[in-house]
Structures are given as C-alpha cells and as structure tokens.
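Student: I am about to examine a protein model that is new to me. May we go through it together by question and answer?

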Amino acid sequence: MTRRQLTDRQWKLIEPFLPIGEYGPYQWREMPGEFGPWPTVYGRFRVWRDAGVFTALLEGVIAEAARQGRTDLSLVSVDSTTARAHHDAAGMCIGKEVMDALEEAAAEQERGPAKGGGPPEQNGQDGSGDPDREERRRVRRRRKLRLTEALLGRSRGGLTSKVHLAADRKCRPLSLVLTAGQAADSPQFVPVLQKVRVRLPVGRPRTRPDAVAADKAYSSRANRSYLRKRNIKAVIPEKKDQAANRKKKGSRGGRPTRHDADLYKERNTVERLINKLKAWRGIATRCDKTPESYLAGLHLRASMIWINDLLKAAD
C-alpha cells in the first residue's frame with residue numbers, strides 16, 4: 001500500500017457518496033501508471049467535478065461526523081489564504097459566445113456616460129478614431145475577462161487565487177469559497193458562513209455556530225450586524241482606526257466592541273487547517289486552469305481531512 005492509495009477503510013467510509021457504476025470505473029484521482037492512462041483519470045475527474053460529487057462527498061462525511069456526534073460548532077474560525085498560480089493555470093478556454101457577451105458588457109461599462117462637450121472639447125482623447133488603439137484595448141479587455149472568469153488575480157508575485165474558509169474547533173473544514181487573489185477578506189465573511197451546513201440525523205441542518213472568530217480584517221459593521229441578527233457571538237477585535245472614529249463621534253458612535261480574548265486564542269485552528277490543506281501540492285500551487293477543478297481539489301482534500309479524523313477516532 002503506497003501513500004498515494006486509499007486504504008480499504010477509507011474506501012468503505014466514502015463509498016456511499018461516490019457514484020460507482022453510474023459514471024463508469026473509479027479511475028479518477030492522481031494514480032501511478034499501473035492504475036490506467038492519465039486521460040481516463042482526468043476525464044473521470046471532470047465528470048465527477050461537473051456532477052458535484054466532490055462537494056457532495058464533503059457534505060456527506062460532515063454529516064457522518066454529525067451522526068457520530070463528532071461535529072463541533074461551538075466556535076468557528078474564518079480566514080483566507082492565497083495560492084500562487086502556476087503559469088500553466090493561465091489561458092482558460094472560454095466559449096466564443098460567452099466571451100463575446102462578456103466583452104460587450106465590459107466595453108459598455110468602459111464607455112460609461114457620454115463626456116460633456118462636443119468633439120472639439122473632447123479633443124479626441126477617447127481614441128475612437130484610432131483602430132490600433134481600439135484593438136489594443138480589445139486585447140487587454142479580453143485578457144482581463146479571461147482572468148476574471150478563471151478567478152485569477154494579478155499581484156507583484158504573479159497570478160494568484162484566494163481561498164476563504166471556515167474551520168471548526170478541531171481544525172476541520174466546514175466551508176470553502178474561491179475568489180481571485182486580490183479580493184478583500186471582509187466581503188467574503190458572510191458568504192463563507194452561509195456555506196456552513198451540517199446535516200443532522202434528524203431535523204434541519206445546523207447552519208449557525210455559537211461563536212465566530214476572525215482577525216481585524218473582518219471587523220466591519222456589516223459583518224458584526226450579520227452575526228448579531230443571527231444571535232452569534234462575535235470574537236473579532238476592533239481596528240484602531242474604527243475605534244478612533246467611534247470615539248470621535250461620542251455618544252453617536254455607539255458602544256465599544258468587545259471580544260472574548262480567551263476564545264480568540266483558538267483562532268489558530270483555521271491557520272493550522274490552511275497548513276493541512278496546503279500539504280497537497282495541487283492546493284498550495286494552483287495548476288488547474290478552471291476554478292471548478294481547483295475547487296473540486298479543495299473539496300477532495302477537505303474530505304480527506306474529515307475522513308482521517310473519523311477513522312482515527314474509531315481506532
């Protein structure tokens with residue numbers, strides 16, 4: 001048994017969540033040559049990716065943990081991590097009709113409202129009369145649209161994607177959201193929490209943790225309001241500039257925000273989870289052209305973390 005193969009116990013645990021027989025042989029993961037040709041493996045991976053098998057697998061193993069009473073939503077920690085994209089990840093293929101529609105919408109947005117004054121006042125600065133300049137704009141626009149659709153962002157280090165995630169108190173993943181690398185953390189706080197869903201043996205799934213911990217990047221009025229409306233304890237320290245602005249407003253600034261310092265110490269669980277996820281080289285460095293494939297790999301890796309935890313508890 002090599003490190004690349006799943007054990008019989010692992011297969012037995014995940015078998016109910018895999019469509020064996022419905023989509024053909026189960027040659028779908030990274031395998032040595034003796035398991036079959038790689039196009040077959042990659043083709044099976046794409047079929048299962050498009051069918052949502054990896055997402056269902058993660059939900060299934062979390063539900064199995066809930067059935068065994070091993071889930072813990074007393075404290076959920078939220079954070080993000082950036083994954084450098086390999087140069088092979090660029091150049092995602094987009095259908096001509098889709099690209100034309102995206103390009104038309106982007107061009108319309110670039111034009112915006114008409115400038116004031118006539119052509120003499122505008123002095124020809126729109127470049128509409130220069131075919132070469134228009135072509136360069138079109139090429140830049142299409143390149144930017146392709147990166148946007150692939151959820152790739154540019155930074156000093158090159159192309160990057162960002163993974164936003166939530167972890168429970170035992171360093172296990174609950175939800176994952178993928179964005180371009182330059183995306184801010186705070187706007188993804190609510191989408192990450194909305195994906196937390198633990199199916200219970202009886203009744204409705206549990207979607208509301210008791211408390212949520214996050215660093216200062218998530219300290220916004222909108223995020224705190226969302227937690228307050230759902231009766232979730234916020235364990236988020238306040239930024240210095242926010243505290244200064246609140247004090248400047250006096251009584252109109254509202255009450256000071258507080259957080260449980262002891263609970264905040266446990267926020268490191270999400271950082272340790274990030275290290276576990278990036279133990280897979282395909283997660284640490286994005287080589288997939290499509291965001292769907294990379295996200296499927298994230299769900300697979302997250303499922304393996306839950307599977308190993310469940311089997312360890314059974315020993």
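**A buried aspartate**

Tutor: This is a predicted model. Asp-79 has a relative accessibility of 8%, and therefore counts as buried.

Student: In which strand does Asp-79 have its place?

Tutor: Asp-79 belongs to a strand that covers residues 76-85. That strand is β1.

Student: Which residue is joined to Asp-79 by a polar contact between side chains?

Tutor: Asp-79 touches several residues beyond its sequence neighbours, including Val-163, His-164, Tyr-218, Arg-267 and Glu-271. A polar contact of 3.3 Å joins the side chain of Asp-79 to that of one of them, Arg-267.

Student: In what sense do β3 and β4 pair, and over how many bridges?

Tutor: Strand β3 spans residues 158-167, and β4 spans residues 173-180. Their pairing is antiparallel, over 7 bridges.

Student: How many residues of β4 are buried?

Tutor: In a regular strand, side chains alternate between the two faces of the sheet. Strand β4 is mostly covered. The number of its residues that are buried is 8 of 8.

Student: What value does phi take at Cys-171?

Tutor: Most residues other than glycine have a negative phi. Cys-171 lies in the loop between β3 and β4, a hairpin with 5 residues between the strands. Although Cys-171 is not a glycine, its phi is positive, at about 65°.

Student: Is Cys-171 buried or exposed?

Tutor: The relative accessible area of Cys-171 is 2%. Buried means under 20%, so the class that applies to Cys-171 is buried.

Student: How many disulfides does the count come to?

Tutor: A disulfide requires a pair of cysteine sulfur atoms within 2.5 Å. By this rule, the count of disulfides is 0.

**Another positive phi**

Student: Where is Asn-231 found, and is it buried or exposed?

Tutor: Asn-231 is a residue other than glycine with a positive phi, near 60°. It is found in the loop between α8 (221-229) and β6 (233-235). Its relative accessible area is 65%, which is over 50%, so Asn-231 is exposed.

**Salt bridges**

Student: How many salt bridges does the count come to?

Tutor: A salt bridge needs a side-chain nitrogen of Lys or Arg within 4 Å of a carboxyl oxygen of Asp or Glu. By this rule, the count is 13.

Student: With which residue does Glu-64 form a salt bridge?

Tutor: The closest N and O atoms of the pair are 2.7 Å apart. Both residues lie in helix α3 (residues 53-67), 3 residues apart, about one turn of the helix.

Student: Which residue forms a salt bridge with Lys-162?

Tutor: The closest N and O atoms of this pair are 3.2 Å apart. The pair links distant parts of the chain, 23 residues apart, with Lys-162 in strand β3 and its partner in the loop between β4 and α7 (189-194). Both residues are buried. The partner of Lys-162 is Asp-185.

Student: Which residues are linked in a network of salt bridges?

Tutor: The side chains of Asp-168 and Arg-172 meet in a salt bridge of 2.8 Å, N to O. Asp-168 and Arg-172 are buried. The network links Arg-70, Asp-168, Arg-172 and Asp-309.

**The protein as a whole**

Student: How many helices and strands are there in the protein?

Tutor: The strands discussed above include β3 and β4, which pair with each other. For the protein, the totals are 13 helices and 7 strands.

Student: What share of the residues is buried?

Tutor: The accessible surface comes to about 18400 Å², of which 50% belongs to carbon and sulfur atoms. Of the 315 residues in the protein, the buried share is 42%.

Key. Residues numbered from 1 in each chain as written. Predicted model: local features only at pLDDT ≥ 70, side-chain atom pairs only at ≥ 80, totals over all residues. Heavy atoms only, no water. Helix = DSSP H or I, 4+ residues; strand = E, 2+ residues; numbered from the N terminus. Buried < 20%, exposed > 50% of the residue type's maximum accessible area, 1.4 Å probe, protein only. Areas by Shrake-Rupley, 256 points an atom, 1.4 Å probe, with all protein chains shown as cover. Pairing = 2+ DSSP bridges. Polar contact = N/O pair within 3.5 Å; in protein donor to acceptor, adjacent residues only side chain to side chain. Contact = heavy atoms within 4.5 Å. Lists of a residue's contacts leave out its neighbours within four places in sequence.
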